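Trainee: I have a structure open and would like to talk it through. Can we start with the overall picture and then pick out some residues?

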Amino acid sequence: MNSVYHIGYDLNRPGQAYGTLIAALRRAGAKQVLLSGWLLRTTASASDVRDWVRKMVDTNDRVFVTEVTTNWAGANILSRPDQV
């Protein structure tokens, strides 16, 4: 079953490059909704997505993955969950 997940992260090291992570998210078909927030449609579990993202960030960085349901709201977002 395909689920849409919101992936949020805080990269804590000053000057840290987002390039590798952003490129991987785009290759996976993720759509950016906030500066550090993406939507990804996948058959993987939330913990699988979290583990995948954690391979591309430092151990002190924050990562939060949650499933997006039909009950959501946003303002001035870059992509909508139904566009993923």
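Mentor: We will go from the whole chain to a few residues. Keep in mind that this is a predicted model.

Trainee: Fine. How many helices and strands are there in the protein chain?

Mentor: The protein chain has 2 helices and 4 strands. Read from the N terminus, the order of the elements is β-α-β-β-α-β.

Trainee: What does the radius of gyration of the protein chain say?

Mentor: The protein chain has a radius of gyration of 12 Å, and a compact globule with 84 residues would have one near 12 Å, so the two agree. Along the principal axes, the C-alpha trace spans about 35 × 30 × 20 Å.

Trainee: And what share of the residues counts as buried?

Mentor: Of the 84 residues, 33% are buried. The accessible surface of the chain is about 5,400 Å², and carbon and sulfur atoms make up 49% of that surface.

Trainee: What about contacts in the protein chain between residues 24 or more positions apart?

Mentor: Take the contacts with a separation of 6 or more: residues 24 or more positions apart account for 72% of them.

Trainee: Is Val4 buried or exposed?

Mentor: Val4 has 7% relative accessibility, and the cut-off for buried is under 20%, so Val4 counts as buried.

Trainee: New topic, charges. How many positive and negative charges does the protein chain have?

Mentor: There are 10 positive and 7 negative charges, and their mean positions lie 5 Å apart.

Trainee: Why would charged side chains pair up at all?

Mentor: Side chains of opposite charge can pair when their charged atoms come close. In the whole structure, a search finds 2 salt bridges.

Trainee: Which residue forms a salt bridge with Asp10?

Mentor: That is Arg62, with 3.8 Å between the closest N and O atoms. This pair links distant parts of the chain, since Asp10 is in strand S1 and Arg62 is in strand S4, 52 residues apart. Asp10 is partly exposed, at a relative accessible area of 39%.

Trainee: And which residue does Asp51 pair with?

Mentor: Asp51 forms a salt bridge with Arg50, and the closest N and O atoms are 2.9 Å apart. Asp51 is partly exposed at 35% relative accessibility, and Arg50 is partly exposed too, at 33%.

Trainee: Now the loops. Where is Pro14?

Mentor: Pro14 is in the loop between S1 and helix H1. With 77% relative accessibility, Pro14 is exposed. From Pro14 to Leu78, 64 residues along the chain, the C-alpha distance is 25 Å.

Trainee: Last one. What is phi of Asn76?

Mentor: Phi of Asn76 is near 55°, a positive value in a residue other than glycine. Most residues other than glycine have a negative phi.

Trainee: Where does Asn76 lie, and is Asn76 buried or exposed?

Mentor: Asn76 lies in the segment after S4. The relative accessible area of Asn76 is 78%, and exposed means over 50%, so Asn76 is exposed.

Key. Residues are numbered from 1 along each chain as its sequence is written. This is a predicted model: local features need pLDDT of at least 70, side-chain atom pairs count only at pLDDT 80 or more; totals for chains, interfaces and linings use all residues. Side-chain values use heavy atoms; hydrogens and water are left out. The radius of gyration is taken over C-alpha atoms; the globule rule is 2.2 Å times the number of residues to the power 0.38. Buried means under 20% relative accessible area, exposed over 50%, partly exposed in between (1.4 Å probe, protein chains only). Contact means heavy atoms within 4.5 Å. Accessible areas come from the Shrake-Rupley method with a 1.4 Å probe; for residues, only the protein chains shown count as cover. Lys and Arg count as positive and Asp and Glu as negative; His and the chain ends are not counted. The place of a charge is taken as NZ of Lys, CZ of Arg, CG of Asp or CD of Glu. A salt bridge is a side-chain nitrogen of Lys or Arg within 4 Å of a carboxyl oxygen of Asp or Glu.
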